[in-house]
Amino acid sequence: MGAPLASWPWDNLGSYKYLLYGPLVAKAVASRAWESGSPDRWCFLLLLLFLLRGTTYHLWCDFSNMLFLNRRRQIVRDGVDFEQVDKEWHWDNFLILQFWVAAMAMYAFPSLRHLPLWDARGVAVALLFHVAATEPLFYLLHRALHRGQLFSDYHSLHHSVKVLQPPTAGLATPLEHLAMAVLMAVPMAAACAAGLGSTWLLFGYTLVFDFLRAMSHCNVEVFPGGLFQAVPALRYLIGTPTYHTIHHMNKDTNFCLFMPLFDLLGGTLNDKSWEMQKKNSAGTEDIPGFVFLAHVVDVMSSMHSRMTRRSYASSPYTPTLLSVLYWPLALVAMFMLWAWANTFVYSHLRLRGRLLHTWVVPRYGFQYFLPFAHDGINRQIETAILKADEMGVKVISLAALNKNEALNGGGALFVKKHPGLRVRVVHGNTLTAAVILKEIPAGTAEVFLTGATSKLGRAIALYLCRKGVRVMMLTASEERFRKVQEEAPAEAQQHLVRVTKYQSAQHCKTWIVGKWLSPREQLWAPAGTHFHQFVVPPILRFRRDCTYGSLAAMRLPADVQGLGTCEQYTLDRGVVHACHAGGLVHFLEGYEHHEVGAIDVDRIDVVWEAALRHGLRPA
């Protein structure tokens, strides 16, 4: 049996825990509590307060993950991994607990339900009791929680993550959050006991308290260093994110709630706090060795982002009711990005001590098929490549439509335009082809290939025909077929066969799909067919008597650090698109050539073996 009040009684409820708000929600709705004359208006105000409290932490969390704004001022330069996201998944348990504590206080003290809107004298009383009671009591409690059994049974949970984020403020036991609720209540209770309480005081003190707690855990130094040089006394009146991060690095110092004055009085103030704060506020740029240049897929999946909902982005993408409700805001964001945004840093992780970035071109999938948008998209990509070159990045890998043949020839446009590039531009499709080819069972004698003359289709056809596999290439263009066939060795050309109808493959059970298939077209495949795919979006899984492969992808090595986001289009945790993995292999191998334009068929096996050697595995 564990320590008392060390775990949450509703742990087994999962997301159904939010039903615990239900009784007061029902009471507020039944009594129309939002109306000013309602006797239960306090229910509405309490629900509103806790909604605002949750929003405060969410907004700080969003800010913490906006690397394009704050990466230079990050304190701990590591990403938040899946383990931490899972550990903090129910960070908001404390809000449910404190909600019911507040509700019970309202029932126990009916006068709290009828407070005036505002009384400035109550603010003065609350500030006095915060400094005289809440701050010193928290300091003493916090020091006690760092001792022996209290630390191991309770407070060690809060110190179990490496990278502070606003949800980390909620990562604690019920006992600690009950104590925090009492300490929060002292200033407000004192003001109310003196007859000076007000609604604005309850809202203001609580939200400022949450604001400062979320800020102290945000892992971004938000205060300018010069502020504390200009007004030295402020050092003891307000703790900075750096100040609290030092406490998590060195557990014997910096115990205060918000005011370092109490660490000074208690002899626990870390003497490097302000030197580190000044350094972090000045900011430094960490140069990545590898950049994956992605783009947004569509409006719905744009919400599958660590900058909006960290926990949502840590699981494979699926539309949710909440994302449907947020869709209008996401649509507005799309137009704003289109009008004003430039390529930005989205995420980072580390592999064997090397920093890897993902940058995002602020364009959505459909925009790549608008002819008038091509020049603007290519300017965004070109600017990103030149910026990476200037920074000293070794490899920049183009994702999905950023390497579209019709757009820029698979990246060849930029290499031709800037022959002196030091950064290597990579489309990564050599490994994509390898992943698809290695999925085909040994002994396969015949395949049916759609998208047969595309970049990937060509490489797959040429590779298979060299192995003696008969490839039925679906294409309406005799000229494009002949061009591919002539690239094959003379003795292998007979294995490439042009077909123009799906009926030609009605006896072939291996379909390689590079062009979208409608359900009607899938009906031509015989029962037992397996559909391998390199088409985006993937085809509908229409046939129950057939099997469907996923998009080409690979699992990252186990020693990757700071990975806490799933790539779009339903990829599992730790899995990336094969082109992403291909760019990473290019970087890890130290290849000196650009990988743009047509796929070099001779390098397919070379890149595959290199990927396995570096610990990447088929997903």
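**View 1. An open sheet of six strands with parallel pairing has the order β8-β7-β6-β9-β10-β11.** The structure is a predicted model, in which local features need pLDDT of at least 70, side-chain atom pairs count only at pLDDT 80 or more, and totals for chains, interfaces and linings use all residues. Residues are numbered from 1 along each chain as its sequence is written, and side-chain values use heavy atoms, with hydrogens and water left out. Strands (E, at least two residues) and helices (H or I, at least four) are DSSP runs numbered from the N terminus, and two strands pair if DSSP finds at least two bridges between them. Strands of a sheet pair through backbone hydrogen bonds, either parallel or antiparallel. The edges of this sheet are β8 (496-499) and β11 (547-551); each has a single partner strand, so one side of each is left without a neighbour in the sheet. From one strand to the next, the twist averages 20°.

**View 2. Strands β6 and β9 run parallel and are joined by two bridges.** Strand β6 comprises residues 446-449 and strand β9 residues 510-513. Phe448 has Trp511 in β9 as its bridge partner. Helix α21 (residues 478-487) packs on the sheet, where it touches β7 (470-474) and β8. Contact means heavy atoms within 4.5 Å. The direction of α21 makes about 170° with that of β8; axes are lines fitted to C-alpha atoms, for helices over the stretch in contact, and angles run from 0 to 180 degrees between N-to-C directions.

**View 3. Thr510 is a residue of strand β9.** With a relative accessibility of 11%, Thr510 counts as buried. The term buried means under 20% relative accessible area, exposed means over 50%, and partly exposed lies in between (1.4 Å probe, protein chains only). Not counting residues up to four places away in sequence, Thr510 touches Thr444, Glu446, Val447, Phe448, His530 and His532.

**View 4. Helices α19 and α20 pack against each other at an angle of about 50°.** Two packed helices are described by the angle between their axes and the distance between the axes. The axes of α19 (residues 429-439) and α20 (residues 455-466) are 10 Å apart. The two helices α19 and α20 are therefore oblique to each other; angles under 35 degrees count as roughly parallel, over 145 as roughly antiparallel, 65 to 115 as roughly perpendicular and the rest as oblique. On the side of α19, the contact is made by Asn429, Thr432, Ala433, Ile436, Leu437 and Lys438, and on the side of α20 by Lys455, Leu456, Ile460, Tyr463 and Leu464. These contact residues divide into seven nonpolar, two polar and two charged. Here Ala, Val, Leu, Ile, Met, Phe, Trp, Tyr, Cys and Pro count as nonpolar, Asp, Glu, Lys and Arg as charged, and the others, Gly among them, as polar.

**View 5. Strand β1 is mostly covered, with seven of its seven residues buried.** In a regular strand the side chains alternate between the two faces of the sheet. Both faces of β1 are covered: on one side Phe290, Phe292, Ala294 and Val296 are buried, and on the other Val291, Leu293 and His295. Strand β1 runs parallel to β3 (residues 354-364) and is joined to it by seven bridges; His295 stands opposite Val361 in β3. Four bridges join β1 to β4 (residues 395-398), again in parallel, and Val291 stands opposite Ile396 in β4.

**View 6. Arg306 lies in the loop between β1 (290-296) and α14 (310-313).** The relative accessibility of Arg306 is 8%, so Arg306 counts as buried. Arg306 and Met66 are 240 residues apart in sequence, and their C-alpha atoms are 8.4 Å apart in space. Leaving aside neighbours within four places in sequence, Arg306 is in contact with Asn65, Leu67, Ala313, Tyr346, Ser347 and Thr565.

**View 7. Trp42 has its place in helix α2 (residues 41-64).** Trp42 is buried, with a relative accessible area of 3%. Trp42 and Pro110 are 68 residues apart along the chain, and 10 Å separates their C-alpha atoms. The residues touched by Trp42, not counting those up to four places away in sequence, are Leu24, Lys27, Met106, Tyr107 and Arg113.
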